[in-house]
Amino acid sequence: MTLLAGAILLLLAVNVATFVMIQRTVAFNDQVERSQQVRGAAGALLISLVDAETGQRGFLLTGRPEFLAPYNRAETSVPEQMAELERLTAGDPQLEAHVAVMLEASRDKLAELERSVALSRTGRIGEAVQLVRSGQGRALMDTIRAQIGAIDEIEMVRLESRTRQSEYGSGLTLWANALGGLLVVVLAGIMIWLVRRYIGEIQEARDTLDRMNAGLETQVRDRTAQLTLARDRAEAMLREVNHRVGNSLQLVSSFMSLQLRHLADDGARSALKEAQARIEAVAHVHRRLYTSDDMTSVAMDEYLEGLVAELGQSLAPGAGAPTLSLQAQPLNVSTDQAVSIGVIVAELVTNAVKYAYRPGQGGEIRIRLEPDARARRALLTVEDDGPGLGDAKPKGTGLGGRIVSALAAGLGSKVEYDPDYAGVRARLAFDL
């Protein structure tokens, strides 16, 4: 019991760590958005000042009032943009110093533009031109550009630092999820082992009672009733264990879904989706055991129907994605065999979704389960109409292929590929 309590506490700690990492990712996204707003506001202010200066030059050269339209708009927009920039950088000592210099130069630039326009309007064009030639306006614009450059550099340095922190946090979250899944599997194994051992002890006690003297018939009946009640409680406990294991695996899968929303790296997203499919395959077995009266075997046609539906939603959602079709005849296998077959199907379907068809091409991935021609054997087939295996070298990391080979060996078989098939056809024959 101490071991179980420790495993549960460690699983809770992993879940809390995952939640903290998700919150840090959200905070990072908020910081990135604020950085983009600061840079956008500074750029908008510079554009408005450039437009105002363009209008001033046109008016000085032509004397036509319509050239002052950009300048007139800037008189309204520049103060608003300056106020927005001050609001966005308030409380940030690094940016406030640069923003203060830039805003002061912007005010001086507006004042310089206003003086030259006023001189030109009163007919003192020479003085206005002389004011432009003095270089004061150019110096102010250079100052503004220099401060914007400094702000951009500060924000870029911050963005790089935050990106590194986010990548580190994402990696920790991935490992935390993997550890959580492993703990759930270990916990389930311990509980199932304990319950099975307890049931075995009860059965042994019942066999001993059956060999007792007939004169102890009343005592035997009473003891049998007690043992039957204990067995029922044990089976109820096993059903509850399967329920809790299924829920815990679903919780891990949900955490992975949350993490997927915050991952930009395609490789990390793909690896997380594959891990999620494996967890769903195991979780589906426990959900079937929880809802079934038979705790020792799994109806593969019903199990595969639910598993393929979940794989279709998680691996191939939306228009243009490959469709998954299933033809499964009623067959019952042990729980250990069901877990192995489910993970093998998930891996083969995942490979087909990734490599058989181009994005948006559509296509079909077919899964079949049927009795083999030989007695007490079954044949599992997963096939697609893609380009085939090509050079037959594994794509990606090759982890999926190793998992399939190991699980097939556990079933006393191996996965074989049909070399004469146009696409990819994988077959697995196993004993029932």
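Modeller: Gladly, and keep in mind that this is a predicted model. Let us start with Arg-366 and Asp-385, whose side chains meet in a salt bridge at 2.8 Å, N to O.

Biologist: What makes the contact of Arg-366 and Asp-385 a salt bridge?

Modeller: The rule asks for a side-chain nitrogen of Lys or Arg within 4 Å of a carboxyl oxygen of Asp or Glu. Arg-366 and Asp-385 have N and O at 2.8 Å, so the pair meets that rule.

Biologist: Which parts does the pair of Arg-366 and Asp-385 tie together?

Modeller: Arg-366 lies in strand β4, residues 364-371, while Asp-385 lies in the loop between β5 (377-384) and α10 (399-410). The pair therefore ties together parts that are 19 residues apart in sequence. Salt bridges with shared partners also join Arg-366 and Asp-385 into one network with Glu-364, Arg-368, Glu-383, Asp-418 and Arg-425.

Biologist: Why is Arg-366 called buried, and why is Asp-385 called partly exposed?

Modeller: Buried means under 20% relative accessible area, and exposed means over 50%. Arg-366 has 16% relative accessibility, so it counts as buried. Asp-385 has 43%, which lies in between, so Asp-385 counts as partly exposed.

Biologist: Thanks, that is clear. How many salt bridges does the structure hold?

Modeller: There are 18 of them. One joins Arg-34 to Asp-92, with the closest N and O atoms 3.3 Å apart. Arg-34 lies in helix α1 (residues 2-62) and Asp-92 in the loop between α2 (69-89) and α3 (93-121), so this pair ties together parts 58 residues apart in sequence.

Biologist: What separates Arg-57 and Glu-53 along helix α1?

Modeller: They are 4 residues apart in helix α1, which means a separation of about one helical turn. Arg-57 and Glu-53 form a salt bridge, their closest N and O atoms being 3.3 Å apart. Arg-57 has a relative accessible area of 30% and is therefore partly exposed, whereas Glu-53, at 15%, counts as buried.

Biologist: Why is Glu-204 called exposed?

Modeller: Its relative accessibility is 54%.

Biologist: Why does Ser-340 count as buried?

Modeller: Ser-340 has 13% relative accessibility, which is under 20%, so it counts as buried. Ser-340 lies in helix α9, residues 335-355. Leaving aside neighbours within four places in sequence, Ser-340 is in contact with Leu-407 and Leu-411.

Biologist: How do you know that Thr-323 touches Gly-363, Glu-364 and Ile-365?

Modeller: Contact means heavy atoms within 4.5 Å. By that rule Thr-323 touches Gly-363, Glu-364 and Ile-365, not counting residues up to four places away in sequence. With a relative accessible area of 46%, Thr-323 is partly exposed.

Biologist: Where does Glu-84 lie?

Modeller: Glu-84 lies in helix α2. Its relative accessible area is 32%, so Glu-84 is partly exposed. Glu-84 and Gln-37 are 47 residues apart in sequence and 9.6 Å apart in space, C-alpha to C-alpha.

Biologist: Finally, how many helices and strands does the chain have, and what share of its residues is buried?

Modeller: The protein chain has 10 helices and 7 strands. Buried residues make up 41% of its 432 residues.

Notes. Residues numbered from 1 in each chain as written. Predicted model: local features only at pLDDT ≥ 70, side-chain atom pairs only at ≥ 80, totals over all residues. Heavy atoms only, no water. Buried < 20%, exposed > 50% of the residue type's maximum accessible area, 1.4 Å probe, protein only. Helix = DSSP H or I, 4+ residues; strand = E, 2+ residues; numbered from the N terminus.
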